Amino acid sequence: MSHSPTKRRHELDALRAIAMMLGIVLHAAIAYTGFGWAVSDPSHSRAFIYLFDAVHGFRMQLFFFISGYFTTMLYFKRGMRGLLYQRGKRILIPLLLFAPLLSPLTQWIINQAKGESQATLFPETLPFWQSFNLHHLWFLWFLVLFVLFFACWNWLKIPQKLALFSKDYSGALYLVALSIIPQSFMTTAYPLFGPCSSLTLLPDPTVFTYYAIFFAAGASSYSKSSQALANLWKLLLPCSLFILFPLGIWIEHLSIYQLSYLKPLSDCIQLSYTWCMVYGSIGLFKNFCSSPSPHLRYLSDSSYWLYLAHLPLVFGIQLLLVDVPMSCWIKFPIVVLTCFALLLVSYHFLIRDKWLGNLLNGK
């Protein structure tokens, strides 16, 4: 991706929107995996586990990569003061506005789903920064911290061009090697393809470092070309989806239940899948979505609101359907389509041309 301070990256806008909307699909699918998160529906299928793993294995990493790229672009275009103002308006203010409203509501629905109507929202035995669960808004808090680190990096006059890429394909191997360090420290209580989560105000250091690498990689790609890798999207995407993903699922299962010494191999395969999907997705969208499109622009503008508001709605619809005697293959599309329809209608009539739409879209 080349350095161009004035050119709008339509494909990255659209790809960032898709990454957000895939989060809605992912959260809708969890209820039908069999292990659940908030709502655990009696009708479930292993196919939803694979859907969850495939999306979870690259979505947030791609999002932070793109966010890092746009952070550097804004810095070159508006300077540090302009960057901090824009990010404060578009990230920090929405976090302060929505977290006190949506996080307790989400936790209340989770308590209802689990039959814990009397449960407190925030455990009194823990300090606030450890007990307040940001749920799906954790990414905003991470972005705030990443931008602050970016500002400190520049204030300390550390070289801006991070040496994370080379002009040949060895740069990809370096990134996988770098990100495998935090990956190797992430542990889960059940088989999970992809990274762990950090949902409180006090970030888990391992998870924070893991995503910081993707943010830094995206930030560095603005000033140093990684186009050669993205151009290989016709190879990267099929290899990721049809070779690395099924192989990674199989090796991860073996490493947890039978052959623990395969864990390093599992980490390498998962990260290879992640990086290939990141670069492959960028290449795919650059090939097909680089030109301005009013439909893609609307999608990009609406995606932020859709993601911010979706989780209580998704959990609420899942909870309403949990006792309905229908197959998960009927319930899942109902949840997804109903959620998207309600959120798009609310965006079009209540958000888009109002002050909140201007805030979220950075206008």
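Start with two helices: the axes of α7 (residues 205-221) and α10 (residues 263-288) come within 13 Å and cross at roughly 30 degrees. That makes α7 roughly parallel to α10, a label for angles under 35 degrees. Axes here are lines fitted to C-alpha atoms, for helices over the stretch in contact, with angles from 0 to 180 degrees between N-to-C directions. Helices are DSSP runs of H or I, at least four residues, numbered from the N terminus.

This is a predicted model, so local features need pLDDT of at least 70 and side-chain atom pairs count only at pLDDT 80 or more, while totals for chains, interfaces and linings use all residues. Residues are numbered from 1 along each chain as its sequence is written, and side-chain values use heavy atoms, leaving out hydrogens and water.

Back to the helices. Tyr210, Ile213, Phe214 and Ala217 of α7 meet Leu271, Thr274 and Trp275 of α10, contact meaning heavy atoms within 4.5 Å.

Now the aromatics. The whole structure has 34 aromatic pairs, that is, Phe, Tyr or Trp rings (six-membered ring for Trp) with centres within 6.5 Å; planes under 30 degrees apart are stacked, over 60 edge-to-face, the rest tilted. One of them is Phe64 with Trp138, tilted, at 5.9 Å centre to centre and 50 degrees between the planes. Phe64 lies in α3 (residues 59-113) and Trp138 in α5 (residues 138-155), so the pair ties together parts 74 residues apart in sequence. Phe64 is buried at 0% relative accessibility, buried meaning under 20% relative accessible area (1.4 Å probe, protein chains only). Trp138 is buried too, at 8%.

How values were computed. Parallel < 35°, antiparallel > 145°, perpendicular 65-115°, else oblique. Buried < 20%, exposed > 50% of the residue type's maximum accessible area, 1.4 Å probe, protein only.
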